[in-house]
Number of protein chains: 4
Amino acid sequence: MAKSKFEYVRNFETDDACLRNCYIVVRLDGRNFHKFAEQHKFTKPNDNRALGLMTRSARSVMGELEDIVIAYGQSDEFSFVFKRTTTLFKRRASKLMTHVASQFSSSYVFYWKEFFGEQPLLYPPGFDGRVVLYPTNRNLRDYLSWRQADWNTSRRQNEILFSQFDINYNSEPALHKKGTTLIWEKQDETVTKRMKRPDGEEEDVPVTRSRRTVQDYHCDIIGEKFWEDHPDILEHGC
Amino acid sequence: MAKSKFEYVRNFETDDACLRNCYIVVRLDGRNFHKFAEQHKFTKPNDNRALGLMTRSARSVMGELEDIVIAYGQSDEFSFVFKRTTTLFKRRASKLMTHVASQFSSSYVFYWKEFFGEQPLLYPPGFDGRVVLYPTNRNLRDYLSWRQADWNTSRRQNEILFSQFDINYNSEPALHKKGTTLIWEKQDETVTKRMKRPDGEEEDVPVTRSRRTVQDYHCDIIGEKFWEDHPDILEHGC
Amino acid sequence: MAKSKFEYVRNFETDDACLRNCYIVVRLDGRNFHKFAEQHKFTKPNDNRALGLMTRSARSVMGELEDIVIAYGQSDEFSFVFKRTTTLFKRRASKLMTHVASQFSSSYVFYWKEFFGEQPLLYPPGFDGRVVLYPTNRNLRDYLSWRQADWNTSRRQNEILFSQFDINYNSEPALHKKGTTLIWEKQDETVTKRMKRPDGEEEDVPVTRSRRTVQDYHCDIIGEKFWEDHPDILEHGC
Amino acid sequence: MAKSKFEYVRNFETDDACLRNCYIVVRLDGRNFHKFAEQHKFTKPNDNRALGLMTRSARSVMGELEDIVIAYGQSDEFSFVFKRTTTLFKRRASKLMTHVASQFSSSYVFYWKEFFGEQPLLYPPGFDGRVVLYPTNRNLRDYLSWRQADWNTSRRQNEILFSQFDINYNSEPALHKKGTTLIWEKQDETVTKRMKRPDGEEEDVPVTRSRRTVQDYHCDIIGEKFWEDHPDILEHGC
């Protein structure tokens, strides 16, 4: 059968499994987003609709890939951190990064209307991605600090921009200054359930259920506080 | 400044440039498309709207990345072949595959309505990708033959499916049997241009312009004929 | 000039730098050493001359590459651990492993006579190598424990072998049971130096100098004791 | 048993199989050979004993690894080319390059005396290696041309050196100008065998046997002639 004759080409695929016990970071960047922002009349220097859409798309990625323990984004970039012990897609770098890039991109178009209403999306946007590994908690935190510090540094250097738009950096909202951090949190929900009593009667009983949901923060992630408040994001003693 | 202290993390990124002078193939596969097809009531065993949308999305990718010399798809997968001498994104595998995955996915949602009309897209779909390198023309052609033969083989094996839907394999359209091949072709266009004559009068003059456009084929790409008809797809004598 | 025309081939070399902040382990294994041992009449199940030559060759490697913080060997294998922050050869895996393999092999032949005296070496032996990265201290210690435990396990399973040679496992020397661990240690040396006194007379004064030398141990490296006794081998808090 | 608890570290090893259907080149370079040459009083600018020892060591490598189809060396470097379809060591780059580096290095010490007689080898020398892949015959020939041209170019530029040693470049022997190329050749050997005739008598009969042996050349490998004379070195039509 024809199949067998050609199937040897399968062996040209090489294994790209990420080193074990390292955090796997996938970072996405918008392609030509300067132009995209202009064509879609984004407010300068920040457009809350665009930032909201980025965050919505990142939530969609986290919903699909539950081994992502934290995501951080600002402007037209978003970083997703897989837990160091993940075995998702056998840790294959190609699978992880393309799945993130794909899910993020389809979500960006899918949820566009929620944020931009009747303003049309003119063409399908592109995002590119990369994978970087971090062996220790310190390295990972420094990576996230780099993205947050880098963002603020380049923004502050841009004072002309701010003065031009008559904006005072310090009075800006946290969303603009700190970007968006997404993490999983357990939430207790109380629901009432109709249950049968020993005497055969029925009654409404309050039941507490725990659900994992994605929470967003617009706070400093460089200092210790955020990590002390959320000690379960990183794995310790590995 | 904070920036410098954290920036060392940049060096954890590793170089993933593809070996020179090899064809770079990026293949995308729909994630959980069996379920996706059911939820969106795709006609079995083939849905022309879905196949049309796949091809439309692949065209969008080719339009963005002109170094793709041929693309081949069937069902919920599409392969994109970059010319062996491409220097796009410095041949970085991560950039190439995430860009293809992202552009394809955002296009799939963007053009959904063109093919499915008022039937709503229920959620943003995902595609994953991989990169495979082929050193020679023979290896590349065998890869494409594998995808086309594999497709036909598994379909024929599925005779139960066909008989169940009361379809005779041989009388099926080429689109279903052969999948879709996209290549760049030069097309001559004749347009009329208003020009001034020596005597000062104006007249309409026909002008021929050559344009590169993406053409689609639903034919056999295993045999010699297709490649003899399109000798410029592959580079020779490298 | 001819040079420029061909020099493009240089770009086919790919970067193989090891991920930062991970321990880099190079392990060597003797090729066909079962046969080699027979041909050179090694004492069974252990030949002290052969073990001594392995250790001498490993010392030669450590002398050349000072970023190796610990080496462990038994039978015909030796593992070399580079400190996690080494920048030797820009962390290029190929350079690190070939240099270790080369230095070890040339040393094995060079020092043969020191251990085997007039018994001739019949042909040049071969060793092959590999590189493995370990992100944390725990992982690295588990690697070394694996090599030591594996060795003992396979040896104990070999009870027939021992009884055959009329050897009682427990009464064997530590060298045979525990293999050889090499680490750098500071040693104080007292030398006498002739110095001039304030009154113009000369006298011999004892002076203490500190030197780094390679020490060998034949002890358990699985438990805590060895690591508590030598807290500087591994880097902490990275 | 202890073994199982630690054995997970085995999974940190990553696959480094070379892309199929590419020539695999391992190049070795002497480490600090400038100093080594001085300490061992090598004749300048070429020492025939040293070149002979390099070639002897390369032959030893070829004898061990029969999938090497050609080797080329000059000065203190040697390149070994594995046939594109080799499956040796499952094409693992680490195994291939360390085995070459190891065998070459142990041979260098082993055969020292054959070339340097009573002049002692002062310490075990080191060689480092790398792996480079070439997808086509053109690329591979350009690699070999690069090494040969590069060698001649840098030597000619060194006219001062030559005039200093009172040597005229053109009158130098081919060994110095062209380096050494090693290939496998079939050689017919005629041996006499004593056989019984039909009449019962015995007689000596000449018998021709074919043997593969390594031949060395000191000729141009940039032009067509060498390759036309030896059409079987490279594989064609892959």
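Predicted model: local features only at pLDDT ≥ 70, side-chain atom pairs only at ≥ 80, totals over all residues.
Aromatic rings make a friendly place to begin. A pair of such rings is described by how far apart the centres lie and by the angle between the planes. Over all chains, the count comes to 88 aromatic pairs. One of them brings together B:Phe110 and B:Tyr111, whose ring centres are 5.0 Å apart and whose planes meet at 85°; because an angle over 60 degrees counts as edge-to-face, this pair is given that label. The two partners can also be described by their accessibility. B:Phe110 has 25% relative accessibility and therefore counts as partly exposed, since this value falls between the cut-offs of 20% and 50%. B:Tyr111, at 11%, is under 20% and so counts as buried.

A pair in chain C gives another geometry. Here C:Tyr108 and C:Trp112 lie 6.3 Å apart, centre to centre, with 50° between the planes, and the pair is tilted. C:Tyr108 has a relative accessibility of 0%, so this residue counts as buried. C:Trp112 counts as buried too, because its relative accessibility is 4%.

Ring pairs can also link up into a group. In chain A, they join A:Phe33, A:Phe36, A:Phe42, A:Phe78, A:Phe80, A:Phe104, A:Tyr108, A:Trp112, A:Phe116, A:Tyr123 and A:Phe127 into a cluster. A:Arg147 lies over the face of A:Trp146, at 4.4 Å from the ring centre.

The backbone is the next topic. Most peptide bonds are trans, and most residues other than glycine have a negative phi. Against that background, the peptide bond from A:Lys44 to A:Pro45 is cis, with omega near -5°. A:Pro45 is found in the loop between α2 (33-39) and α3 (48-64) of chain A. In chain D, the bond from D:Lys44 to D:Pro45 is likewise cis, again with omega near -5°, and D:Pro45 lies in the loop between α2 (33-39) and α3 (48-64) of that chain.

D:Asn21 is not a glycine, yet its phi is positive, at about 60°. This residue sits in the loop between α1 (2-6) and β1 (23-30) of chain D, and it counts as buried because its relative accessibility is 10%. D:Ser75, also not a glycine, has a positive phi of about 50°. The loop that holds D:Ser75 runs between β2 (68-74) and β3 (77-82) of chain D. With 34% relative accessibility, D:Ser75 counts as partly exposed.

The last stop is strand β4 of chain B, which covers residues 127-134 and is mostly covered, with eight of its eight residues buried. In a regular strand, side chains alternate between the two faces of the sheet. In β4(B), B:Phe127, B:Gly129, B:Val131 and B:Leu133 point one way, whereas B:Asp128, B:Arg130, B:Val132 and B:Tyr134 point the other way; all of these residues are buried. Strand β1 of chain B (residues 23-30) runs antiparallel to β4(B) and is joined to it by eight bridges.

Note on methods
Residues numbered from 1 in each chain as written. Chains lettered and ligands numbered in written order. Heavy atoms only, no water. Phe/Tyr/Trp six-rings, centres within 6.5 Å; stacked < 30°, edge-to-face > 60°. Buried < 20%, exposed > 50% of the residue type's maximum accessible area, 1.4 Å probe, protein only. Lys NZ or Arg CZ within 6 Å of the ring centre and 35° of its normal. Helix = DSSP H or I, 4+ residues; strand = E, 2+ residues; numbered from the N terminus. Pairing = 2+ DSSP bridges.
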